[in-house]
Number of protein chains: 2
Amino acid sequence: MRVIVDAFGGDNAPLEIIKGAAQAAAEYAIEISLTGRQDEIRRVAAQNGIGLDGITIIDAPDVILMSDEPRSILKEHKDCSMAEGLRRLAAGEGDAFVSAGSTGALIMGATFFVKRIKGVSRAALAPLMPGENGPFMLIDSGANVDCRPEMLLHFAQMGSIYMTNVLGGGRPATVGLVNVGTEDTKGGELQHAAFALIKESGLNFIGNIEARDIPSGVADVVVADGFTGNVILKLTEGVADVFMKNIKGIFMTNALTKLAALAVKPYLKGFKKKMDTSEYGGAPLLGVSKPVIKTHGNAKAASVKNAIRVAAEFANKGVIEQISEAVKANSSADK
Amino acid sequence: MRVIVDAFGGDNAPLEIIKGAAQAAAEYAIEISLTGRQDEIRRVAAQNGIGLDGITIIDAPDVILMSDEPRSILKEHKDCSMAEGLRRLAAGEGDAFVSAGSTGALIMGATFFVKRIKGVSRAALAPLMPGENGPFMLIDSGANVDCRPEMLLHFAQMGSIYMTNVLGGGRPATVGLVNVGTEDTKGGELQHAAFALIKESGLNFIGNIEARDIPSGVADVVVADGFTGNVILKLTEGVADVFMKNIKGIFMTNALTKLAALAVKPYLKGFKKKMDTSEYGGAPLLGVSKPVIKTHGNAKAASVKNAIRVAAEFANKGVIEQISEAVKANSSADK
């Protein structure tokens, strides 16, 4: 298994990316290629005592930043570490690609350089989110703000295949459609049409789900248009932040509450760990013809290592081939 | 000021509604009419030692339940306590109406019996939500799942007028449009068009806001289509529930954490109170030609009392007249 890693994506690049790649190379039977400025990668590795055994470096002179226009990956920044990695992936020089860089640029670059799977209407970014009983997938989380019903069907199919094979150990993932109520007839035009399509798809569809039930993990795959998905992703973070901030403030009130904090600290840490999805490696970009994983912009070595492991599993479990078959079956069902 | 109250709406009707009405009649200079089964209201009041001084009873033989179709308020349940209250409001027998009953039925009944303000495209349900620095308004929270751009403009105008006059003491409320990013060009077709309309409206518009920033109170009025608004309302509850459940679980772990719980309990209560918006009386239904307040289905006497006070302020502050003027100004600007 060969995974290409963008050494210059994210807030902690290149040091944490190189570290994570070296750890993955040492722990797993994965060949790793790092894309980016060769001299700098070698210098940073040497300065930090990181061995580069089993790691190939693919030189790329440029870097695309979070502040750059996503579209610039096709022009001004076509020689950046992300673009180079995607082209090498497309050329078959690796089995999967991992980047912590700009999400918009990654979607744009993957769609252009790696191409979509034939029959898939749009690529979707599908992060794993913390549920009460393990992670669930949110698809789409913002790649496509205006969606047509068949796009939601594709999201459901792609998400189900990924969760069933990569995280579910073959147990058919449950799929829910985000709606304003659980009754079959709820929602607007988009939801009505998408509901009918997903119901007929043969997936393990549990029907409409309300946003209230998402955090408790009501479905393994939570399907929404990219606008709604983006709101779900960011609002979850926002509410969690307000809670953590207030809880912390309460514990800092006085000497007694500070003592109380000591008593609950290990359990609060456990809860925080449960809410942390970085061990699942980030978000697969589903719908492109090769495995691409977007890991958090603030990913440190451990997250990068996990992302590399998950990227290899993504490639290993035949997810792309199954998606390709599933969307083919849709179009023959149409005839 | 005369407020009509649906005595048979919500989970705790009629007892808590009657109690809240009696408290409001005693504390404020408000005449109250209760709609519902006259005999039962008198019997429950007598059994619980509640005086009905200053309260009129309007007999209504029927009740509409949460499980009834909203549309049934126009036919099978046209003689229910909610419908009777709305008709009396429309006839000028009261200045405002409060119900804890079915939201769907209330929107349907208010639109049909009380009618929309001329020029307003749709009525919107606009709950007050807890922000870090006080409550903000979410409009629309689910009355209209499919929205056109001018509907979002109306939501912005109505929300701004309500928040400025009823809660803001005349300070112009800030208005934000929910979007996938803060840049002016973000979002889909609906957001692009709505952004342009709201920007030209003369409101205190702070532009696009991200869902991440909603819970900290980034805007006094949070504008969204009803589908997105419903997701925001319910997801906020869902994430908060998961947090509270886990925090409680942590405090129950062992003897030491139970002691810790005692130390922080008063402060946790303070935080819970901050997150509780019931003192703001519930959600105004904006866009109908008379003040209507939907209070929580599980409202107890204190919430009902607050809802009655807020309904009177809603009527007192000329909100309806200002909305009417504002939407008139839109249409003359179109010419």
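Chain A has 10 helices and 12 strands, where helices (H or I, at least four residues) and strands (E, at least two) are DSSP runs numbered from the N terminus. Its radius of gyration is 21 Å, close to the 20 Å that the globule rule gives for 335 residues, so chain A is as compact as a globular protein of that length. That radius is taken over C-alpha atoms, and the rule is 2.2 Å times the number of residues to the power 0.38.

Before I go on, please keep in mind that this is a predicted model: local features need pLDDT of at least 70, side-chain atom pairs count only at pLDDT 80 or more, and totals for chains, interfaces and linings use all residues. Residues are numbered from 1 along each chain as its sequence is written, and chains are lettered from A and ligands numbered from 1 in the order in which they are written.

Back to chain A. The C-alpha trace spans about 65 × 60 × 35 Å along its principal axes. Of its 335 residues, 54% count as buried; buried here means 20 or more other C-beta atoms within 10 Å of the residue's own, exposed means 12 or fewer, partly exposed is in between, and C-beta atoms are placed from the backbone. If we take contacts between residues at least 6 apart in sequence, 72% join residues at least 24 apart. A contact means that the two C-beta atoms, placed from the backbone, lie within 7 Å.

Now for the sheet. In which order do the 7 strands of the open sheet in chain A come? The order is E3-E2-E1-E4-E12-E11-E5, and the pairing is mixed. Two strands pair if DSSP finds at least two bridges between them. At the edges are E3 and E5 (124-125) of chain A, each pairing on one side only.

Let's look at a few of those pairs. In chain A, strand E2 (residues 31-36) and strand E3 (residues 55-59) run parallel over 5 bridges, and Gly36(A) has Asp59(A) as its bridge partner in E3(A).

Some backbone details are worth a stop. The peptide bond between Ala13(A) and Pro14(A) is cis, with omega about -5°, and Pro14(A) sits in the loop between E1 and helix H1 (15-27) of chain A. Another cis bond runs from Ile139(A) to Asp140(A), omega near 5°; Asp140(A) is in the loop between strand E7 (134-139) and helix H5 (149-167) of chain A. Then there is Lys115(A), which is not a glycine but has a positive phi of about 75°. Lys115(A) lies in the loop between helix H4 (103-114) and E5 of chain A, and counts as partly exposed, with 13 C-beta neighbours inside 10 Å.

On to chain B, and helix H3 (residues 81-90). Here 8 of the 10 residues are buried, so the helix is largely enclosed by the rest of the structure. Among those buried residues are Met82(B), Leu86(B) and Leu89(B). They pack against strand E1 (2-6), E2, E3, strand E4 (96-99) and helix H4 (103-114) of chain B. After H3(B) comes Gly92(B), with a positive phi near 85°.

Finally, how do the two chains meet? 44 residues of chain B are in contact with 44 residues of chain A. H7(B) gives the most to that side of chain B, with 18 residues. By class, this side has 25 nonpolar, 11 polar and 8 charged residues; Ala, Val, Leu, Ile, Met, Phe, Trp, Tyr, Cys and Pro count as nonpolar, Asp, Glu, Lys and Arg as charged, and the others, Gly among them, as polar.

A rotation of 180° with 0.0 Å of shift along its axis superposes chain B on chain A, RMSD 0.0 Å, using least squares on the C-alpha atoms of residues with pLDDT of at least 70 in both. That is the relation of a two-fold axis. In chain B, the C-alpha nearest the axis belongs to Ala260(B), 2.1 Å from it. And 100% of the interface residues of chain B are also interface residues in chain A, so the copies meet through the same surface.
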